[in-house]
Structures are given as C-alpha cells and as structure tokens.
Amino acid sequence: MLLIPGPVSCSTEVIKALGTDSLSHTGGEFTPIFHNVLKQLRVLFHSPTSSGSMPLVISGSGTLGFDLVGNNLFPRGKNKILLLSTGYFSDEFGECLGDYYKHDITVLKSDVVGESINLVKLQDLLHKGSYDGVVMTHVDTSTGVLNDIKRISELVHSESPGTLVIVDAVCSLGCEEIRFDDWQLDFVLSASQKAVGAPTGLSISMISKRALDIALENDNTVSYYTSLKKWVPSIKSYEIGELPVTYFATPPIQLISALNIALQQLLSRDYVGEHRKRSNWFKKELTESLGLELVSRGPVETTAHGLASVYVANPGGIVTALNRLDIAIAGGIHPEIKGQYIRVGLMGCDASEPTLLRVLDAVRQSQT
Ligand SMILES: *Cc1c(COP(=O)(O)O)cnc(C)c1O
C-alpha cells in the first residue's frame with residue numbers, strides 16, 4: 001500500500017493501458033490517444049483552446065518543468081524573479097532558476113515553517129521591485145502548505161501586470177482546483193504520478209498565450225531537449241489530431257496511453273470534492289481525536305488536500321510499524337523540521353478510508 005505523497009498506486013485500468021505493445025508514434029492509432037490526453041488536460045486546467053494557451057506533455061519527471069521555465073520564459077538571462085518559498089520544493093525550483101539558469105532570484109519566505117506566503121509582504125515587494133516572474137509552489141509537499149494562488153495571482157496582476165505568474169502544481173493537479181484562465185496563470189507545471197494517478201515519467205504543464213509568445217521568440221535558450229520552439233509544433237499537431245504529425249523526440253507511447261485512462265477516470269469524478277472530504281476527515285482525526293499538531297498552520301480546510309503532514313514524537317517508529325503492515329508513508333523532508341514529523345499521502349487508489357484508519361491506529365499506538 002502506497003500512502004506517500006507521490007508516486008501513488010494506479011488503477012487496474014491504468015496499469016492495463018501501460019502493458020500494451022508500442023504503436024507508431026506518428027500513426028493513426030496513437031495520434032487520437034495523445035489528442036485525447038491534451039483535450040482532457042484543457043478540462044483539468046479549465047483552459048479552452050480559445051484562450052491561446054497550450055497543454056504540454058513531455059517525457060521526464062515533474063522536475064523537468066523547472067527546466068522548461070528556466071530555459072524558455074526568461075530570454076534576457078539575469079531576469080529578475082521573485083521566489084515565494086514555502087519549503088523544500090520551492091527552494092529546489094529557485095536553485096534551478098538561479099544556480100543553473102543564472103537568473104536573479106529574490107526570495108520571500110513564509111514567516112514560519114508551515115505558513116503560507118504573507119500577502120502584505122508580497123504586495124510590498126511587488127510594489128517596490130519590478131519582476132519578470134513570480135514563482136511559487138501551489139502545494140508544498142514538504143509541509144502540506146496550500147498557497148492561495150488565485151489571490152497571489154490577482155495581487156501580481158494588479159501590482160505588476162507584466163510579471164509572469166508561474167506555479168509548481170506537481171502535488172496539486174488532480175486534487176486541488178486550478179482555474180488556469182480565470183486566475184490568469186502563465187505557466188503551471190505538474191507531473192503524472194501524484195494526484196493525476198498515472199505512472200511516473202511525464203512532465204505535464206500548461207502555458208499561457210503571452211508566455212508562449214515569449215518562449216517562441218526566445219533566442220537565448222541554452223538546452224535543446226527543453227526548448228519549446230522544438231516541442232510546440234509537434235504537440236500542436238497532436239492537439240489538432242490530423243496526420244501527418246510533426247516529429248520531435250518520440251513520445252512515450254505506453255505512458256501517454258496510461259495517462260489517457262487516468263485522466264478519463266479522474267475527470268469522471270468530483271476529484272476536488274473527494275480529496276477535500278478525505279483530507280478534512282483524516283486531519284480532524286489527527287488533530288481533534290489524537291491531539292496532534294499539523295505542520296501546515298491554519299484551519300485544516302485551508303491546508304493541502306493531497307497529503308497530511310503531522311508532528312509526532314516518534315516518526316521513525318510509526319514508519320517502521322506501518323512498513324510491517326505493508327503500508328508505506330513518508331518521513332519529513334523540510335530541512336528545518338526533518339526528524340519531527342511524518343507525511344501521509346491522500347492521493348491515488350490506496351488512499352482509502354480503511355487504510356487510513358490503520359495509519360491512525362499506528363499513530364495512536366505510538367503515543368502510548
Ligand atoms: C514531487 C514534487 C516535485 C518533483 O517532482 P518529480 O516528479 O519527483 O521530479 C516538485 N514539486 C513538488 C511540489 C512536488 O511535490
């Protein structure tokens with residue numbers, strides 16, 4: 001049983017799609033499958049073709065999205081980027097953009113570990129500085145913090161309309177609401193293996209019209225494989241769905257077929273409502289029944305719905321006890337509080353109430 005915050009266990013139907021033979025990547029059988037994936041991603045992101053946005057699916061893990069941003073969206077080099085830091089993954093994103101792509105990074109850190117970004121401080125920084133991009137994590141998987149990306153984006157657009165709004169949604173796509181067009185986002189990066197419910201190996205993102213224009217005119221790209229100038233014609237031809245398809249780098253046939261099924265299953269359910277309900281129930285059990293403190297501050301309803309991070313006296317003991325029951329949960333990864341908490345994934349097929357009740361039992365037993 002996999003109760004870590006990604007990768008998650010996949011449904012039988014998804015696994016079945018993964019076990020199919022190869023198809024021609026430019027042929028009449030595969031093209032409609034990829035076409036369907038891109039169409040469904042527009043539904044998932046609430047971003048129809050009319051907005052000029054574009055969904056992207058590229059072999060690689062979620063981290064590849066950091067490079068897509070670094071290589072394509074900031075053509076001047078040494079661009080000014082404001083990084084909203086809520087934990088481990090935002091800091092990795094910052095390292096990619098600063099240390100590897102040499103942009104000029106200003107960091108606004110949450111005041112206390114487990115808090116979301118202070119909007120008054122953000123407004124002040126946006127007012128004083130001029131940034132080419134604001135980069136944030138929707139759900140910080142090291143803490144369970146859920147940033148209000150809608151409000152943050154509103155603030156960026158009102159204070160600094162030219163600034164690109166960039167979101168890491170690896171741990172939120174498929175379990176939190178993301179309204180790409182309504183919230184005026186420019187680049188949202190995610191991956192296949194968390195709440196989307198597909199196997200590992202695909203970087204999934206959505207890019208706005210204005211960000212796409214920047215990427216396609218960017219003469220300063222430094223990496224070939226992540227260049228959107230190379231990817232866009234190919235993915236666009238799959239989206240149109242007509243043959244012949246423009247070739248650039250063979251897409252992973254089986255992974256895309258599995259993603260197709262995972263998206264069909266996800267979109268047929270109230271995936272946001274289901275994750276909210278499960279998360280609110282589980283976190284109330286942890287806090288009200290067991291008297292524990294979550295790492296993410298504030299009412300449980302305002303924290304991430306794809307995982308629970310909770311301070312416990314003996315994280316290692318709980319992980320080991322659950323391992324004996326064949327249930328894998330995760331330890332802490334936030335450098336400041338690493339050995340003090342556990343993380344329980346609430347996404348994927350294994351995150352059912354009976355399994356979560358066994359986790360609650362193990363936590364309860366460790367307290368006595
Ligand atoms: C898992 C995760 C990543 C990294 O994704 P990989 O697929 O492991 O490369 C990045 N950001 C967040 C918020 C994540 O949860």
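Which residues of helix 9 are buried? I started my notebook with that one.

**Entry 1: ground rules.** I am working with a predicted model, where local features need pLDDT of at least 70, side-chain atom pairs count only at pLDDT 80 or more, and totals for chains, interfaces and linings use all residues. Residues are numbered from 1 along each chain as its sequence is written, and side-chain values use heavy atoms, with hydrogens and water left out.

**Entry 2: helix 9.** I found Ile253, Leu255, Ile256, Ser257, Ala258, Leu259, Asn260, Ala262, Leu263 and Leu266 buried. Buried means under 20% relative accessible area, exposed over 50%, and partly exposed in between (1.4 Å probe, protein chains only). Helices (H or I, at least four residues) and strands (E, at least two) are DSSP runs, numbered from the N terminus. The cover over these buried residues includes helix 1 (12-18), helix 2 (30-44), strand 1 (54-59), strand 9 (202-207) and helix 10 (271-289), with contact meaning heavy atoms within 4.5 Å. I also checked the length: the 15 residues, 253-267, should span 21 Å at 1.5 Å a residue, and the end C-alpha atoms are 21 Å apart, which agrees. The expected span is 1.5 Å times one less than the number of residues.

**Entry 3: helix 4 and what follows.** In helix 4, I noted Ser90, Phe93, Gly94, Cys96, Leu97 and Gly98 as buried. Lys102 follows this helix with a positive phi near 65 degrees, and sits in the loop between helix 4 and strand 3 (104-109). Lys102 counts as exposed, at 52% relative accessibility.

Entry 4: Most residues other than glycine have a negative phi, and most peptide bonds are trans. His46, not a glycine, has a positive phi of about 55 degrees; I placed His46 in the loop between helix 2 and strand 1. I then looked up two cis peptide bonds: Gly6 to Pro7, with omega about 0 degrees, and Leu243 to Pro244, with omega near -5 degrees. Pro7 lies in the segment before helix 1, while Pro244 is in the loop between helix 8 (228-240) and helix 9.

**Entry 5: the ligand.** Residues around the ligand (a heavy atom within 4 Å) include Phe89, Asp168, Gln193 and Lys194. I looked for polar contacts too (N or O pairs within 3.5 Å). Polar side-chain atoms come to 2.5 Å from a ligand oxygen for Ser61, 2.5 Å for Thr63 and 2.4 Å for Thr141. The protein covers 88% of the 380 Å² of accessible area that the ligand has on its own, by the Shrake-Rupley method with a 1.4 Å probe.

Terms used: Polar contact = N/O pair within 3.5 Å; in protein donor to acceptor, adjacent residues only side chain to side chain.
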